[in-house]
Amino acid sequence: MRLIVDTSDKQVTVTKVSEEKTDQNGRQRTERNTGRPMWSTQVFVLDNDGGEILTITTAGEKPNVKVGQPVTVSDLEALPWATNGRSGVAFRAAELKASAPAAVKSA
């Protein structure tokens with residue numbers, strides 16, 4: 001079962017430039033089936049309930065995004081994991097791309 005996160009009503013902003021996703025030896029990880037290079041991008045996700053920092057993994061070309069830039073996230077998937085008594089949720093997206101800034105609502 002895929003756990004897809006709907007980001008259509010959320011503001012997503014880049015908080016750290018995209019970096020190579022590396023293994024324990026410092027080598028860039030690649031996608032198993034395709035061999036495409038993997039990238040990690042930190043973003044801030046804001047909605048009516050508050051905000052949260054996420055690190056999103058993508059594969060292929062390095063996302064062409066900058067710190068402070070609003071982005072659109074395509075097919076964001078939540079991937080629960082557990083290893084050696086630790087657990088968490090990883091996030092993976094098909095694509096991160098620059099979007100137009102959200103309009104500010106006046107009071």
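Predicted model: local features only at pLDDT ≥ 70, side-chain atom pairs only at ≥ 80, totals over all residues.

Biologist: Where is the place of S40?
Modeller: S40 sits in strand β3. A strand here is a DSSP run of E with at least two residues, a helix is a run of H or I with at least four, and both are numbered from the N terminus. Residues are numbered from 1 along each chain as its sequence is written, and side-chain values use heavy atoms, with hydrogens and water left out.

Biologist: Thanks! Is S40 buried or exposed?
Modeller: S40 is buried, because its relative accessible area is 16%. The cut-offs are under 20% for buried, over 50% for exposed and partly exposed in between, with a 1.4 Å probe and protein chains only.

Biologist: And which residues is S40 in contact with?
Modeller: Leaving aside neighbours within four places in sequence, S40 is in contact with V17, S18, E19, K21, T55, I56 and T57. Contact means heavy atoms within 4.5 Å.

Biologist: What about Q42, where is that found?
Modeller: Q42 is also in strand β3. Q42 counts as partly exposed, because its relative accessibility is 26%. Setting aside neighbours within four places in sequence, the contacts of Q42 are T13, V14, T15, K16, I53, L54 and T55. Of these, T15 is 27 residues away from Q42 in sequence, yet their C-alpha atoms are 5.6 Å apart.

Biologist: Nice. How many helices and strands are there in the chain?
Modeller: There are 0 helices and 8 strands. The chain has 107 residues, and 25% of them are buried. Along the principal axes, the C-alpha atoms fill a box of roughly 50 × 30 × 25 Å. Among contacts with a separation of 6 or more, 50% join residues 24 or more positions apart.

Biologist: Which residues touch the most other members of the largest nonpolar core?
Modeller: Those are I56 and V73, in a core of 14 residues. Such a core is a set of buried Ala, Val, Leu, Ile, Met, Phe, Trp, Tyr and Cys residues joined through side-chain atoms within 4.5 Å. β2 (11-20), β3, β4, β5 (71-74) and β6 each supply at least two of its residues. Not counting residues up to four places away in sequence, I56 touches W39, S40, T41, V43, V73, L76, F91, R92, A93 and L96.

Biologist: Switching topic, what volume does the largest pocket have?
Modeller: About 600 Å³. On a 1 Å grid over the protein atoms alone, a pocket is an open set of points where a 1.4 Å probe fits, with protein on both sides within 12 Å along at least five of seven lines; lining residues have an atom within 4 Å of a point. The volume is the space filled by probe spheres set on the points, which are joined across faces, edges and corners.

Biologist: Which strand gives the most to that lining?
Modeller: β7, with 5 residues. β3 (38-47), β4 (50-59), β6 (76-83) and β7 (86-92) each supply at least two.

Biologist: Last one: where is the place of G26?
Modeller: G26 is in the loop between β2 and β3. G26 is partly exposed, because its relative accessible area is 47%. G26 and D9 are 17 residues apart along the chain, and their C-alpha atoms are separated by 36 Å.
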